Amino acid sequence: MSQGPTRSLPPFDPADPLGIDDLLTPEDLAVRTTVRQWAADRVLPHIADWYERGELPGIRELARELGSLGALGMSLTGYGCAGASAVQYGLACLELEAADSGIRSLVSVQGSLAMYAIHRFGSEEQKERWLPRMATGEIIGCFGLTEPDHGSDPAAMRTHAKRDGSDWVLTGRKMWITNGSVAGVAVVWARTDEGIRGFAVPTDTPGFSAPEIRHKWSLRASVTSELVMDEVRLPADAVLPGATGLRGPLSCLSHARYGIVWGAMGAARACFDAALAYATSREQFGRPIGGFQLTQAKLADMAVELHKGVLLAHHLGLRMDAGTLRPEQVSLGKLNNVREAIEICRTARTILGANGISLEYPVMRHATNLESVLTYEGTVEMHQLVLGKALTGLDAFR
Ligand SMILES: Cc1cc2nc3c(=O)[nH]c(=O)nc-3n(C[C@H](O)[C@H](O)[C@H](O)COP(=O)(O)OP(=O)(O)OC[C@H]3O[C@@H](n4cnc5c(N)ncnc54)[C@H](O)[C@@H]3O)c2cc1C
């Protein structure tokens, strides 16, 4: 095998065995370092406690700090948004989710769902009204699509908006809505006589409430809520003019799923790192457990899937930056990376033995978080059906 002119190979880096960092620009690396440092300072020291308490205290302050990092609506342009590349946004998602999926969810919902919907489908007035203060984190946004009886099949939603003079009157319930109880604006999707439309709903409008959902065993350091809309009267200009039909919310979801493709690998990296450190320090039968072939096989397989996943995310990022990323490709990435991430976390759990179930280590927290990530933004089965349809030309959804 020829390698061209003889030169010494770079050393093997256990943190980057494929040399993926060589694909990143200095700006990419700077974004990664900044977000990693912020997460190390502001999230990691507290996350086990927040998780145990089932709270995300100081969420507004965290949102403002994320805003000052440029992480909110990061890849959007104008209106105070950072205008970063898709790869940089992805790297930020990875670093945030390496701390906790709840923090990445806060950022994804804010930037890729609520802000993206207003940025892409809103009027100039709506963009000016909401986006600059969402980019700073002053206003938190949520995105209401899922309903108690309609999750994977949002086309069957019951929430509806009717015209009354020039106003709209919005009635219905949304379920499992990230950031709901702390949001200042809710992007709510509703059935109308013109098809499904999106509304930017100020959450202090009479008739709107957002009780928090408790008793979750996953994404515990994340606010998840129900949205209740009881004849919420909205002015004509609350509707997002650029979106009619399900394509509107689905394009937002595609953007958010892209962030998850990267983010899931962050959770996986945190678990891999914990498992590697544990395997080289924990001794049984007189030597480190990382010296046993069975443990090495686990670590090798975890590393293969982790770095393949990052490579896949980077590839999709380049396509998004080039404007050539298809939704089916995002489905492929989300399906693979979340499924593999959860497998990596579960394998890491076995390497840590009993310690693997303790909040002293990040592994079980990430594994249980990923149960939500596996389900939201399209379940595994939905992405299999998306790919199945693209491969065969046959629609198996119903
Ligand atoms: C922590 C958390 C945060 C969330 N945040 C948000 C948010 O901010 N905004 C929002 O709108 N939603 C949010 N969701 C909701 C999430 O998007 C939905 O849970 C998801 O779309 C699945 O819907 P469902 O739970 O109703 O499951 P269902 O649609 O009832 O599915 C149940 C099971 O049936 C399978 N299934 C359904 N149809 C088919 C089929 N045709 N073929 C094969 N299998 C099928 C599914 O894959 C799944 O395994 C969140 C969920 C969680 C857990």
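Visitor: Which leucines form a nonpolar patch on the surface?
Guide: In this predicted model, the nonpolar surface patch is formed by Leu18, Leu23 and Leu311, which together have about 260 Å² of accessible area.

Visitor: Where is Leu311 placed?
Guide: Leu311 belongs to helix H8, the element that covers residues 293–322.

Visitor: And why does Leu311 count as partly exposed?
Guide: Leu311 has a relative accessibility of 35%, and because partly exposed residues are those between the buried limit of under 20% and the exposed limit of over 50%, Leu311 is put in that middle class.

Visitor: Switching to the ligand, which residues come nearest?
Guide: There are 18 residues around the ligand, and of these Thr146, Ser152, Trp176, Thr379 and Glu381 come nearest.

Visitor: What lies 2.7 Å from an N or O atom in the side chain of Thr146?
Guide: That is a nitrogen atom of the ligand, while a nitrogen atom of the ligand also lies 2.9 Å from a backbone N or O atom of Phe143. On the oxygen side, a polar side-chain atom of Ser152 is 2.6 Å from an oxygen atom of the ligand.

Visitor: How much of the ligand's area does the protein bury?
Guide: The protein buries 67% of the 980 Å² that the ligand exposes when taken alone.

Visitor: Which elements give two or more residues to the shell?
Guide: Strand E3 (167–178), helix H10 (363–375) and helix H11 (380–392) each give two or more residues to the shell around the ligand.

Visitor: How many of the shell residues are nonpolar, polar or charged?
Guide: By class, the shell around the ligand consists of nine nonpolar residues, seven polar ones and two charged ones.

Note on methods:
Residues are numbered from 1 along each chain as its sequence is written. This is a predicted model: local features need pLDDT of at least 70, side-chain atom pairs count only at pLDDT 80 or more; totals for chains, interfaces and linings use all residues. Side-chain values use heavy atoms; hydrogens and water are left out. Patches are made of residues with over 30% relative accessible area and no salt bridge: like charges are joined within 9 Å, nonpolar side chains (Val, Leu, Ile, Met, Phe, Trp, Tyr) within 5 Å. Accessible areas come from the Shrake-Rupley method with a 1.4 Å probe; for residues, only the protein chains shown count as cover. A salt bridge is a side-chain nitrogen of Lys or Arg within 4 Å of a carboxyl oxygen of Asp or Glu. Helices (H or I, at least four residues) and strands (E, at least two) are DSSP runs, numbered from the N terminus. Buried means under 20% relative accessible area, exposed over 50%, partly exposed in between (1.4 Å probe, protein chains only). A residue is near a molecule or strand if one of its heavy atoms lies within 4 Å of it. A polar contact is a pair of N or O atoms within 3.5 Å; within protein, one must be able to donate a hydrogen and the other to accept it, and residues adjacent in sequence count only if both atoms are side-chain atoms. Ala, Val, Leu, Ile, Met, Phe, Trp, Tyr, Cys and Pro count as nonpolar, Asp, Glu, Lys and Arg as charged, and the others, Gly among them, as polar.
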